[in-house]
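Dear colleague,

Please find below the structure that I am handing over to you. I would ask you to open it first and to keep it in view as you read the notes that follow.

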Amino acid sequence: MTLPFRRRHHDDETAHDRARALTSSEMIESLGGEDAAWLTGHLEACAECRQEREAFLADRALLRGLRERTPEPPRDLWARTSAALEREARGHRGRRPVPARGRGLPFGAAAGVLIVIVVIGAGSIRPIPLPNESPGGSQAAVNSLEPQPTTFEITAGRISYIRSAANGSWEFVQADVDAVCPRTRPSCEQLIEDDPGRPVTLAGTPIGVTVSPDDNQLVVEARGAGTSPDRIYVVPVPPATPAVSPAPTDGPAVPSGEPATPSPATPSPATPSPASPEPSVVVPEGIVEIASGVMIVGEAAYSADGMWLAFSARPSDGSAGPDLYLWTRGDATATAVTTDHRTYFSTWLGDRVLASRVDDPGNLDPSAPTSAPDADATGAPATVEAHPASFLLDPTTLTRTDLAHPDLWLPVVDPTGRFVAYWSGTLVPTADGLDWQLATGRLVLDGWSAGPSAEPTPEPDALALGPIGAPVAVVAGPTAVFMSKFDPTGTRLAVWVGEQPDADVGRLHLFVLDSESGAIEAGPERLPGAPALRRFSIAEGRLAWVTPSGQDGQDSSVQVLGWSNSLFGEIRTIPAKALYLVR
């Protein structure tokens, strides 16, 4: 028999054998430059060896956790063993002795004694330290001597989401993520929720939901029905232990925490009434409707202090493109702060809004697109490509500062202010002329410059505000729309891409960045295009998204990819018919 990592005599070492051998060696000592480069290249191309390496790392973490915990035998182990010895002794009384090669305890009694010796001895054996390991490393989750999922601990905080309840109402759910299973061994149970879910009152089925930083408010986008227009409204989140159950689905909705007031009876008409209009969505009393007749384009987001909400929205009737809106807590409605119908909210940068707009070349307008005189190979007029630009906006003074970089679309700066991800290229109008999609260019990662200092005489070679101009492509392939976000450390970049401008389902990628240079970590991609709905959430130690319904024959679930240093693992929630990730 040949051991898995040992080469047969006189046989040539295959690439897989060499990868396994080098993977084992690097756990003991650092590889040489040539071996390290070869292994990196091989793992990037070989999914099988990459999975085996992740499994080795998971086992290593598990063993490290075992050496830090002394197994405790069950309290009744000796009682059960003594009883087994007594039964064996009674069973052999009166029997004729059977000749044997040696004298000793019967097999059952010997097995019982062996169990006691092994369990008690395990507590007295001194753990053997593994090479190149420190005692303060990550611990594996080992709760008992019974078989457990091979989990490892992470520090990822909590995720929040909205789901439909069994009675047709809606629930706000939060769950802490403190352990995940290695991706090669996804045997974890579903994510444990902190509470059974807080009932929230929503006017109809939401399209998107955003939660405030203090978890006290939900911003809900709902499509209209019949004669009712689209709406954007703010819902208060009830406390973790609500005093009132959710309102029944067949009656008027009542905000959580407020007593229901009986509705006056509707008198019967004396004469036949005309045909009733189509059913409309009714916004429950006490909920703040901040916009009506518009639909959000992209995502809404609160400022870090939770006082401001920013989003882009366009008229639901398709009469114009989007403008930038701002809403302050306490205000009755949101306010459009642009009127060009070509402005898109990207993200918050500190206490300022980072947004993009489409420059108008004179005859190009998304509400009435025109074409260039030249025709393409099919004889149809060629569409003119537009050039985007980006700017910072102070929400208090509405002072706008343009970024000094051409063809810059939807930039997102990492929280540490070192790196920026954006589309570098041109745009073309969508088929309906109301939106824009990516044209010629690429999704890139770049360095970020906060601009010259405020000193009276700034350095002559100081960089202008914006990307430093050293872009590196991050995602290749057909892309019409995208969304990117950094984690709080600025060392993880998540990018969602869709192949169609109105795509609800796309592919989610995660890239690991060097904390100093910002270079993308070499080797296999940590999340190489997982199917995901458009909205996702990233925080320190984890990335969360909603899986498309029907994947693996199940309803949607919240999928979490967690990490601790170089270890990556996954866990998910129980599937549900409708899920909306809010953080």
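Predicted model: local features only at pLDDT ≥ 70, side-chain atom pairs only at ≥ 80, totals over all residues.

The largest nonpolar core holds 24 residues. Within this core, Trp409, Leu443, Phe482, Phe486 and Leu493 touch the most other members. Which strands each supply at least two residues of this core? They are β20 (408-413), β21 (419-429), β22 (436-450), β24 (472-475), β25 (481-486) and β26 (492-498).

Leaving aside residues up to four places away in sequence, Leu443 touches Tyr422, Trp423, Val472, Ala473, Val474, Val475, Thr479, Phe482, Val495 and Val497. Apart from this core lies another one, of 21 residues, including Leu57, Ala156, Leu567 and Leu579.

The second topic is strand β2, which covers residues 158-164. Is β2 largely enclosed or largely open? Five of its seven residues are buried, and therefore the rest of the structure largely encloses this strand.

Strand β2 pairs with two strands, as follows:

- With β3 (residues 170-176), β2 pairs in the antiparallel sense over seven bridges. Ser160 stands opposite Gln174 of β3. The two strands form a hairpin with five residues between them, and Gly168 in the turn has a positive phi of about 90°.
- With β33 (residues 579-581), β2 pairs in the antiparallel sense over three bridges. Here Arg163 has Leu579 as its bridge partner. Leu579 is also among the residues of the core of 21 residues.

With kind regards

Definitions and conventions:
Residues numbered from 1 in each chain as written. Heavy atoms only, no water. Core = buried A, V, L, I, M, F, W, Y, C linked by side-chain atoms within 4.5 Å. Buried < 20%, exposed > 50% of the residue type's maximum accessible area, 1.4 Å probe, protein only. Helix = DSSP H or I, 4+ residues; strand = E, 2+ residues; numbered from the N terminus. Contact = heavy atoms within 4.5 Å. Pairing = 2+ DSSP bridges.
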